[in-house]
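Reader: I'm new to this one. Can we go through what the terms mean and how they apply here?
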Amino acid sequence: MKTNNFFDLLVVFTQPPLTASLAKEGLDLALVNSTFEQRTGLIFLGAGTLQLQQNQQPDILALKGTQAMLQALALYDIDQIFVEEQALQDYGLLAADLLLTVEVCNTEKLQQKIAASRNLLTF
Amino acid sequence: MTTKTFVLNITGAPYASSAPLSALRFAKAALEAGHKIQRVFFYQEGVTLANDLSCPPQDEINLTKEWQKLAAEHQLELTVCVAAALKRGIIDAKEAARYGLEHHNLAEGFVLTGLGQLVDGMANADRTVTFNS
């Protein structure tokens, strides 16, 4: 189907790290989507922004974590990564301290991104 | 009214969520209205619908059988994410052999596939609708 949208898919992350397989399954999908040459972007909302914190030690909990996958995004040409401004404030995070280079967006900007995508999947 | 094609992405588990039942009702309504269901994809907890060994009480709806019935009537593709399925103990004969397991439980009419099937579906359908928990 023809489309003028900027993204074919936006994957939205809402859950904190180390809770369930959700974030990994969302990242899996984003990577596969990109290998199919679909324009893919990521949005981190609320507690989902904690996925981007550095120096996580998932092995203490016998978990695998998603850090390696997040760092591999660039290899899959996924560089459109958006983070909710309010969430950074709520959790006392600075964009510069995050694992990846991100674009900080207010609610209005996030709405524009979402409106510019054919599909949206939330994890 | 123009005909639209849908992909259904079911991520909520049967009985623990209303996802597979809501999706079933949506699919029936869409087909009745003349639309096409291009593909049904089961992901995350949704894959447990494909367990052939589920035995709900006889006076309750058997969601696995209902989906099989609808799929047979309308030649629907019931595709199940292989990674999500194996993780949750949903396995076909081929994968059971690969992992040296004695048993397999993927219900008839369902196929284990990669995430590419969801991506391909999303790229080609008019609309993808997710049913989650």
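This is a predicted model: local features need pLDDT of at least 70, side-chain atom pairs count only at pLDDT 80 or more; totals for chains, interfaces and linings use all residues.

Reader: What makes strand E2 of chain B and strand E3 of chain B a pair?

Author: Three bridges join E2(B), residues 36-42, to E3(B), residues 78-81. The cut-off is at least two bridges, so with three bridges E2(B) and E3(B) count as paired. The two strands run parallel.

Reader: Which strands are the edges of the sheet in chain B, and what makes them edges?

Author: The sheet is open, with five strands in the order E4-E3-E2-E1-E5 and parallel pairing. Strand E4 (110-113) and strand E5 (127-131) of chain B are the edge strands, since each pairs on one side only. From one strand to the next, the twist averages 25°.

Reader: Why are H1(B) and H2(B) called roughly parallel?

Author: Helix H1 (residues 19-32) and helix H2 (residues 63-74) of chain B pack at an angle of about 20°, and their axes are 10 Å apart. Angles under 35 degrees count as roughly parallel, so that angle makes H1(B) roughly parallel to H2(B). The crossing of H1(B) past H2(B) is left-handed.

Reader: Which residues make that contact?

Author: H1(B) brings B:Pro20, B:Leu21, B:Leu24, B:Ala27, B:Lys28 and B:Leu31, while H2(B) brings B:Leu63, B:Glu66, B:Trp67, B:Leu70 and B:His74. By class, that's eight nonpolar, one polar and two charged.

Reader: Over in chain A, how do you know that E1(A) and E2(A) pair?

Author: Count the bridges again: five of them join E1(A) to strand E2 (residues 40-44) of chain A. At least two are needed, so E1(A) and E2(A) pair, and they run parallel. A:Leu10 stands opposite A:Gly41 in E2(A).

Reader: What leaves one side of E4 and E5 of chain A without a neighbour in the sheet?

Author: Chain A has an open sheet of five strands in the order E4-E3-E2-E1-E5. Strand E4 (103-105) and E5 stand at its edges with a single partner strand each, so one side of each has no neighbour in the sheet. H1(A) lies across E1, E2 and E5 of chain A, at about 165° to E1(A).

Reader: How many residues does each chain give to the contact between them?

Author: Chain A gives twelve residues and chain B gives 15 residues. On the chain A side, H1(A) gives the most, with five residues. The classes on that side are six nonpolar, three polar and three charged residues.

Notes
Residues are numbered from 1 along each chain as its sequence is written. Chains are lettered from A and ligands numbered from 1 in the order in which they are written. Two residues are in contact if their C-beta atoms, placed from the backbone, lie within 7 Å. Helices (H or I, at least four residues) and strands (E, at least two) are DSSP runs, numbered from the N terminus. Ala, Val, Leu, Ile, Met, Phe, Trp, Tyr, Cys and Pro count as nonpolar, Asp, Glu, Lys and Arg as charged, and the others, Gly among them, as polar. Axes are lines fitted to C-alpha atoms, for helices over the stretch in contact, and angles run from 0 to 180 degrees between N-to-C directions. Angles under 35 degrees count as roughly parallel, over 145 as roughly antiparallel, 65 to 115 as roughly perpendicular and the rest as oblique. A crossing is left-handed if the near helix is turned anticlockwise from the far one by less than a right angle, and right-handed if clockwise.
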